[in-house]
Amino acid sequence: MRPSVNRPPTPDVQENQEKEPTLQETINIKLIESGEKERLMELLRERLVECGWKDEMKAICRAFIKKKGRNNVTVDDLVHVITPKGRASVPDSIKAELLQRIRKFLVSAAL
Amino acid sequence: MSSKINSNNNNHRINGQISLQPCPHLADFRSRHRSNPFRALQDCLRIKPPGGRAAIRRDPSEVPLCGACGDSGGGRTRLYACVSCAAVHCHAPPGGGPSHAAAHAESARGGGGGGHEIAVDVDRAELFCCACRDQVYDRDFDNAVVLAQTAASTLHAPPHSVTTPTTIRLPQPENLRKRRRVDYRPWTPDPRERSLMGSSSSPLNGTVSDSDSNSDSRSNDLLPWGLRGLNNLGNTCFMNSVLQALLHTPPLRNYFLSDRHNRFYCQKKSNCNGNGDGIVNRRNASNNERNNNSRMCLACDMDAMFSAVFLRDRKPYSPAKFLYSWWQHAANLASYEQQDAHEFFISMLDGIHEKVEKERRKPHSQGNGDCCIAHRVFSGILRSDVMCMTCGFTSTTYDPCVDISLDLEPNQGGFAKMASTKSNHASNGEADCLNSSQNSGISTLMGCLDRFTRPERLGTDQKFFCQQCQVRQESLKQMSIRKLPLVSCFHIKRFEHSSTRKMSRKVDRYLQFPFSLDMAPYLSSSILRRRFGNRIFPFDGDEPEASNELSSEFELFAVVTHTGKLDAGHYVTYLRLSNQWYKCDDAWITQVNENIVRAAQGYMMFYVQKMLYYKASEKQVAA
C-alpha cells in the first residue's frame, strides 16, 4: 500500500522556475500572500448573493438538470452552461467595486 | 460520453436517506485503502474563518499550481489534488481547455494499476473523479470536513485525534406524518346554503345601535370590527393585553366566530357528563360546586368574549368571568398583583388544552396541533441537534413549543466603532455574521433569532453522553425550527431573575422588529443545509417541500409592550387591522401611527402566516 502523501518527481516544477513570473502571476501571488485575495473573494461572494445572482444561477442549473435528467448531468456540464450566462449577468456595480478595491490594493502594495 | 458513465450513479433513497452509488473508481479507491482512506487529507483541511470554507492546503500558505502547466486556478479552471499522490493538476470543462487532472489519471492507469482517478478540489474540499469527470460523494470524507468546519466555527482547534468516523445516524422523528397539501378551491354558497345561513343566523349590524345613540357612535362606526376596550379589574393589564392580541389572532378569531366552540352546547355537554358519570372529575366537590366547577371552560369564556367584543357596542367590556375561570385554573397566580403577561399566555393556552383533553379522553400529540385549538394555532416543533465534538455523532430531539423565548443580545459596547466600518472585515472570526446591519449596533428580532439558532458549545460542565463514544464528551448544540406554527409568538426575555443574587431586573434595551418576517433561514432544512453545504447529510427523509418555502412568510399583527419597572409597570397592546395600527390600553383604544409602534418596547410579538394551506382530510366526506 502506498504511503499517504507522496510528491511526484519534480521535473515539471523546475521547468516553470526557469521562466520569469509574469505580471499577472506576480500580482496574484501578492494578493494571496497579503490575504487580500481571500477578502476580495468573500466580498464578491457576499455581493453576488445580495443581488440575487447566486439564486439566478441556481435556478438556471435546476432548469438544466430538469431538462437533461438528474442522472445525465455532470458538474462540468453545469459549469459549461452557466459560465457564459454568469459572466454576462454580473452587475456593473459589483465589477466597479471590485476594480476599485484591487486598484487601491495595487497602489498600497507598490509603495 | 459523460452521460453514459453517469447512468451508473443512481441516487435513490433508502429509509429516507440519500444513498449514492459510488462510481467504480471511487469504489476501487476505497477498497485499496480500507482503513481511513482520507487520513492524509484530514491534516490538510484548512478552514478559512470568514465563511468557514474548507480548503485543502499542504501548508497554510501554499499557493497551489498545476504541476503540468502552472495554472493557478480560478477563472475557467479548477485545481484538483490527487488523493493518492497529492499531485495538483488543473481541470477545465470539456471544450474549455486542457484537463491535466484527467491526463494524470489516464497516465497512471496506462503505466501502473490506476488508482489515481480520485482527486479533491483544493478550494472547495470536494471529491472529483477524473475518469468519470464528475463530482463524487463519500460519507467518511464529508463527515471529516463537516467536523472540521463546525469545530472551526466555534474557534476550537480542529481535532487531530479523530478516529474513522462512521455514518451519522439520526432517529426518525415520530408523530410527523407527511402533510399532503390540497390546492385551494374557491367556494361560494349555493342558494340552499344561502337560505340556510340567512335563517339560522342574525346579522351583527342592526343589534345594539339603539343603546349608543350618542354622538360617539357615529365616529365609532369608522373603527373596524372587534375593537373594544377591556376594563382593568385591578392590575389586570397583563391579561387585557394578551386577550386583545388573541381576540385578533386570525385563526383563533375565525375559529370562535364560526361557532366552532359553542359555549351553550359545551355547557350542556359537560353538565350531562358531570351528572351522568357520577363524580368523576371533582371527587371532593359538593353537589353545588360540581356544577360550577365543571363549568370552568376557558374556551367557553373566550367564546363569550368574542361574541361580546365583535358587537358594535363600543363600551369597554369587563372580562370578569374569564378572569374568574382563569384564577380557578392557575390558582397560584390568583391575586390582584401584577402578573407576567407571557406567563398568563402560556397558562391560558394550557387551560384551554386541559379542558379539551379531559373531554376527549384520548391523548393527541401536541406537535400536530390536533388536540385543541390553542395548539392548532400556536404549536410548532423545535428541533435540537447535539453533536459530539469528537466523533460527530449527532443526537436529534423534537419538542413541541407554543412560543419562542428569545434572549436579548448582551450589551455591545463601542457602537460608534462598529458603525463606521461597513467593509467586509469580519470581526473576530464570527463566521456567520455577514449582515452589515449587525454592525450598526441595534438589536433586531432577526439578530435574536440568529443567536437562537447559532451552534452553541456546551461547556465542560455540561458534557453530553455520546452514544457512539460511550463517554461524556464536549458537544455542540444547535436549535432550529422543524415545523412553523400558524401563529408565531416571540417572547423577549426582558425580566431577568437571578437566584444567586436574589434579585430581578428588567432589560429595557430597545429591540427592532420587522412588520414582515421570513422564517426560512431558521427552518431545520436551511440550518442543516448551511451546516453541511452540498455534502451528504442524513436529512430525515423529508424533502424540503417547495411549499415549505412559500409558507415561511409571516406578518406582524399584534405587539404587547411593557413600560415601567419590573414591579410597577404597564402592558399595552398594539393591533394591526387593515394595515392600520391601534393602541389598546385597557379600556382606551386609539388609532396610532406605525412609527409609534416601531419605537415601542416589544415584549411579545405575534406573527401570522401570510398564506394558509388546506391539509388533506383523512375523513371521508359523504357525497
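The model is predicted: local features need pLDDT of at least 70, side-chain atom pairs count only at pLDDT 80 or more, and totals for chains, interfaces and linings use all residues. Residues are numbered from 1 along each chain as its sequence is written, chains are lettered from A and ligands numbered from 1 in the order in which they are written, and side-chain values use heavy atoms, with hydrogens and water left out. Chain B has 20 helices and 29 strands; helices (H or I, at least four residues) and strands (E, at least two) are DSSP runs, numbered from the N terminus.

**Chain B overall**

- Of the 623 residues in chain B, 47% are buried; buried means under 20% relative accessible area, exposed over 50%, and partly exposed in between, with a 1.4 Å probe and protein chains only.
- Among the contacts in chain B with a separation of 6 or more, 68% join residues 24 or more positions apart, where contact means heavy atoms within 4.5 Å.

**Enclosed helix α8 of chain B**

- Helix α8(B) spans residues 237-247, and it is largely enclosed by the rest of the structure because 11 of its 11 residues are buried.
- The buried residues of α8(B) include Cys237(B), Phe238(B), Met239(B), Asn240(B) and Gln244(B).

**Helix α12 of chain B and its neighbours**

- Helix α12(B) covers residues 298-309, and its 12 residues reach 16 Å from the first C-alpha to the last, close to the 16 Å expected at 1.5 Å a residue. The expected span of a helix is 1.5 Å times one less than its number of residues.
- Helix α12(B) is mostly covered, with 10 of its 12 residues buried; among them are Leu298(B), Cys300(B), Met302(B), Met305(B) and Phe306(B).
- Helix α9(B), residues 250-257, packs against α12(B) at an angle of about 90°, with the axes 9 Å apart. Axes are lines fitted to C-alpha atoms, for helices over the stretch in contact, and angles run from 0 to 180 degrees between N-to-C directions.
- The helices α9(B) and α12(B) are therefore roughly perpendicular to each other. Angles under 35 degrees count as roughly parallel, over 145 as roughly antiparallel, 65 to 115 as roughly perpendicular and the rest as oblique.
- On the α9(B) side, Leu252(B), Arg253(B), Phe256(B) and Leu257(B) meet Ala299(B), Met302(B), Asp303(B) and Phe306(B) in α12(B).
- The axes of α12(B) and α13(B), residues 320-329, come within 9 Å and cross at roughly 165°, and the two helices are therefore roughly antiparallel to each other.
- The crossing of α12(B) past α13(B) is left-handed. A crossing is left-handed if the near helix is turned anticlockwise from the far one by less than a right angle, and right-handed if clockwise.
- Leu298(B), Asp301(B), Met302(B) and Met305(B) of α12(B) make this contact with Lys321(B), Phe322(B), Ser325(B) and Trp326(B) of α13(B).

**Helices α3 and α6 of chain A**

- Helix α3(A), residues 36-50, and helix α6(A), residues 92-110, pack at an angle of about 165°, with their axes 11 Å apart; they are therefore roughly antiparallel to each other.
- Helix α3(A) passes α6(A) in a right-handed crossing.
- The contact involves residues including Arg39(A), Leu43(A) and Arg47(A) of α3(A) and Ile94(A), Glu97(A) and Arg101(A) of α6(A).
- Leu43(A) lies in helix α3 of chain A and counts as buried, at 3% relative accessibility.
- Leu43(A) and Glu97(A) are 54 residues apart along the chain, and their C-alpha atoms are separated by 9.7 Å.

**Cysteines**

- Over all chains the structure holds zero disulfides, a disulfide being a pair of cysteine sulfur atoms within 2.5 Å.
- Cys297(B) is in no disulfide, and the nearest cysteine sulfur, that of Cys300(B), is 3.5 Å away.
- Cys297(B) is buried, with a relative accessible area of 1%, and Cys44(B) is buried at 12%.

**Positive phi values in chain B**

- Most residues other than glycine have a negative phi.
- Asp259(B) has a positive phi near 65°; this residue is found in the loop between α9 and α10 (263-276) of chain B and is partly exposed, with a relative accessible area of 44%.
- Asn579(B) has a positive phi of about 60° although it is not a glycine. Asn579(B) sits in the loop between β25 (569-577) and β26 (580-585) of chain B and is exposed, with a relative accessible area of 57%.
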